[in-house]
Amino acid sequence: MNPCTDAILVDIADPAHIAAISHYSHDPRATSVSLDRARRYRTVSDSAEDVIGARPDLVIAGPHVAIQTIAALRRLGIPLMQVAVPASVEENKAQISAVAARIGRERQGAALNARIDAAMAASRWDAPPVGALIWQGSGLVPGKGTLADELLGHTGFHNMSADMGLRQWDVLPLEDLLNHPPAVLLAGRADMSAGAGDGNRMLSHPALVKAGKRIAIEQYPSNLLHCGGPVIIEALRRLAAVRRDVQVLPAEAPR
């Protein structure tokens, strides 16, 4: 019942044992699994009736499932495993191990964690960091204490969120961004409820287009922002690629 857990299950579980995944994973705006792969599985909504109809032996739910749904599942005696949003790579690896143990796939869970370790080793950047922000649709910015913040620091970026006085998850208006521009802006869309053609419209604002001469604006899809599991590997690849490309920052270029 969570797109982040879907990503882990699709990676480590026996496909025949996945009764259903969350409806978010069939939505291109929200999925953390490739649509081709996600569409092999039935989906369920957030309602207890829908979940019960899938006749699961185990329900794995994230922190945002309605209290009424959780209460109904417990009342009916359906085994339930609730997982939190991991704030670090180590927390996420522990979560993968816990899910893998619960479904009897410890070896596959260990293999996924080993791939994450290898991706961390391959993407580590030891040179001085450059200032960056992840700035998603509607201005959403991840700050200190998030998985995204750790990945930024690991790949050679300094997350400027705290420097701007932003909270763990906060919204940064365009005006404030232009007043304190980062060297690198990792931009994408986080407005999952928007229409299919609706992206981060702020990226086309004339002021930001002009600021692109001194800010390196790089694409960072929103489906890399929230989830761990195999998503960490894709996020590290993207961040490492951007960091390799940003050798001479616009602010450092000869005038």
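Me: Where in the structure is the place of Thr 5?
Reply: Welcome! This is a predicted model, in which local features need pLDDT of at least 70 and side-chain atom pairs count only at pLDDT 80 or more, while totals for chains, interfaces and linings use all residues. Residues are numbered from 1 along each chain as its sequence is written, and side-chain values use heavy atoms, with hydrogens and water left out. Helices (H or I, at least four residues) and strands (E, at least two) are DSSP runs numbered from the N terminus, and Thr 5 lies in residues 3–12, helix α1.

Me: Does Thr 5 count as buried or exposed, and at what relative accessibility?
Reply: Buried means under 20% relative accessible area, exposed over 50%, and partly exposed in between (1.4 Å probe, protein chains only). Thr 5 counts as buried because its relative accessibility is 5%.

Me: Which residues does Thr 5 touch, not counting those up to four places away in sequence?
Reply: A contact means heavy atoms within 4.5 Å. With residues up to four places away left aside, Thr 5 touches Ile 60 and Val 83.

Me: Which cysteines form a disulfide?
Reply: A disulfide is a pair of cysteine sulfur atoms within 2.5 Å, and a search of the whole structure finds one. Its sulfur atoms are 1.9 Å apart, and they belong to Cys 4 and Cys 227.

Me: How many residues apart are Cys 4 and Cys 227?
Reply: The pair links distant parts of the chain. Cys 4 is in helix α1, whereas Cys 227 is in the loop between β10 (216–219) and α10 (230–245), and their separation is 223 residues.

Me: Why does Cys 227 count as buried?
Reply: The cut-off given above for buried is the one to apply here. Cys 227 counts as buried because its relative accessibility is 5%.

Me: What is the bridge partner of Ala 132 in β9?
Reply: Two strands pair if DSSP finds at least two bridges between them. Strand β5 (residues 130–135) and β9 pair in the parallel sense over four bridges. In β9, the partner of Ala 132 is Val 184.
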